[in-house]
Amino acid sequence: MIINEKIKKQLKVLNNHIENTIKSNSLTDMQVESFLLNFEKVRYNLLAEIKEYNKNAQFQYEKIKTIDDNYKAELKDDILKVYVPETLPSFKNLKTHTYKRILLNVAEITKQYKGLFGDEVFIYIKVCDSIKGWDIDNKYVKPVADALILSGVIEDDNMSKMFYCCRGEFSETPHTTIYVLDSKKVGQFLKKVEC
């Protein structure tokens with residue numbers, strides 16, 4: 001893969017941030033947040049560059065694997081199941097590109113199910129994180145509904161078209177699993193799902 005000058009420049013800036021962070025004896029919360037923001041920005045741009053590179057790769061073995069490749073969607077028994085290979089961002093980390101990356105990846109893998117739901121839907125979101133004792137209400141779930149609207153899977157996320165619930169769990173491997181179904185089937189679904 002040939003890295004363009006824009007990405008090289010961003011990597012150099014990130015490298016400077018890393019070196020400064022390593023040399024520092026103590027960091028303020030603001031400095032840590034600034035570092036993480038810059039790191040996430042470069043990571044997002046690198047993923048976009050890899051995605052573009054993969055589009056033009058002639059053979060499968062030439063393609064570069066990324067976290068985006070691990071997003072999955074499947075339809076079984078009229079329930080759309082979406083696997084997101086990362087945890088949803090928390091409210092305090094909304095300045096990162098995680099929100100946008102999750103939104104675009106979920107929209108991309110679910111676009112084949114456009115028009116699947118026209119009536120009221122129920123969305124069950126199971127967020128798994130590798131931190132013990134975290135609060136589920138600190139997770140930002142907005143990219144889920146926004147992605148499903150963008151792909152056309154659901155019509156809208158207003159109160160007459162959608163309702164949802166979230167469950168948090170501990171996992172060594174942070175990830176999110178999303179289930180989308182007709183609201184009339186919510187009772188049956190909740191009896192089957194691990195609660």
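Trainee: What percentage of the 195 residues in the protein do buried residues make up?

Mentor: Buried residues make up 38% of the 195 residues. Buried means under 20% relative accessible area, exposed means over 50%, and partly exposed is in between, using a 1.4 Å probe and protein chains only. Before we go on, please note that this is a predicted model: local features need pLDDT of at least 70, side-chain atom pairs count only at pLDDT 80 or more, and totals for chains, interfaces and linings use all residues. Residues are numbered from 1 along each chain as its sequence is written, and side-chain values use heavy atoms, with hydrogens and water left out.

Trainee: Thanks! How many helices and strands are there in the protein?

Mentor: Let's settle the terms. Helices (H or I, at least four residues) and strands (E, at least two) are DSSP runs, numbered from the N terminus. Here there are five helices and five strands. Reading along the sequence gives the pattern α-α-β-β-α-β-α-β-β-α.

Trainee: In what order do the five strands form the sheet?

Mentor: Two strands pair if DSSP finds at least two bridges between them. In this model the five strands form an open sheet with mixed pairing, in the order S1-S2-S5-S3-S4. Strand S1 (72-76) and strand S4 (162-170) are the edge strands, each pairing on one side only. To talk about angles, we use axes, which are lines fitted to C-alpha atoms (for helices over the stretch in contact), and angles run from 0 to 180 degrees between N-to-C directions. Neighbouring strands of this sheet are turned by 15° against each other on average, direction ignored.

Trainee: Which way do S1 and S2 run, and how many bridges join them?

Mentor: They run antiparallel, joined by five bridges. Have a look at Ala-73, which stands opposite Val-82 in S2. Strand S2 (residues 79-84) is also antiparallel to strand S5 (residues 175-182), again with five bridges. Two of the bridge partners in S5 are Tyr-179 for Lys-81 and Thr-176 for Val-84.

Trainee: Which helices pack on the sheet?

Mentor: For packing, remember that contact means heavy atoms within 4.5 Å. Helix H3 (residues 98-110) packs on the sheet and touches S1 and S2, its direction making about 140° with that of S2. Helix H4 (residues 142-150) packs on the sheet too, touching strand S3 (121-129), S4 and S5, with its direction at about 135° to that of S3.

Trainee: Which residues of H4 are buried?

Mentor: Here is the general idea for helices. An α-helix has 3.6 residues a turn, so residues three or four places apart point the same way. In H4, the buried residues are Pro-143, Val-144, Ala-145, Asp-146, Ala-147 and Leu-148. The buried residues of H4 pack against H3, S3, S4 and S5. Just after H4 comes Gly-152, with a positive phi of about 85°.

Trainee: What should I know about phi at Asp-77?

Mentor: Most residues other than glycine have a negative phi, and most peptide bonds are trans. Asp-77 has a positive phi of about 55° although it is not a glycine. You will find Asp-77 in the loop between S1 and S2, a hairpin with two residues between the strands. Asp-77 counts as exposed, at 62% relative accessibility. Asp-78 is in the loop between S1 and S2 as well, and this residue, also not a glycine, has a positive phi of about 65°.

Trainee: Is Ser-183 buried or exposed?

Mentor: Ser-183 is buried, with a relative accessible area of 13%. This serine is found in the loop between S5 and helix H5 (186-192). Not counting residues up to four places away in sequence, Ser-183 touches Glu-120, Val-121, Phe-122 and Phe-163.

Trainee: And where does Ile-136 lie?

Mentor: Ile-136 lies in the loop between S3 and H4. Its relative accessible area is 29%, so Ile-136 is partly exposed. Leaving aside neighbours within four places in sequence, Ile-136 is in contact with Val-127, Cys-166, Arg-167 and Gly-168.

Trainee: What share of contacts comes from residues 24 or more positions apart?

Mentor: Of the contacts with a separation of 6 or more, such residues account for 78%.
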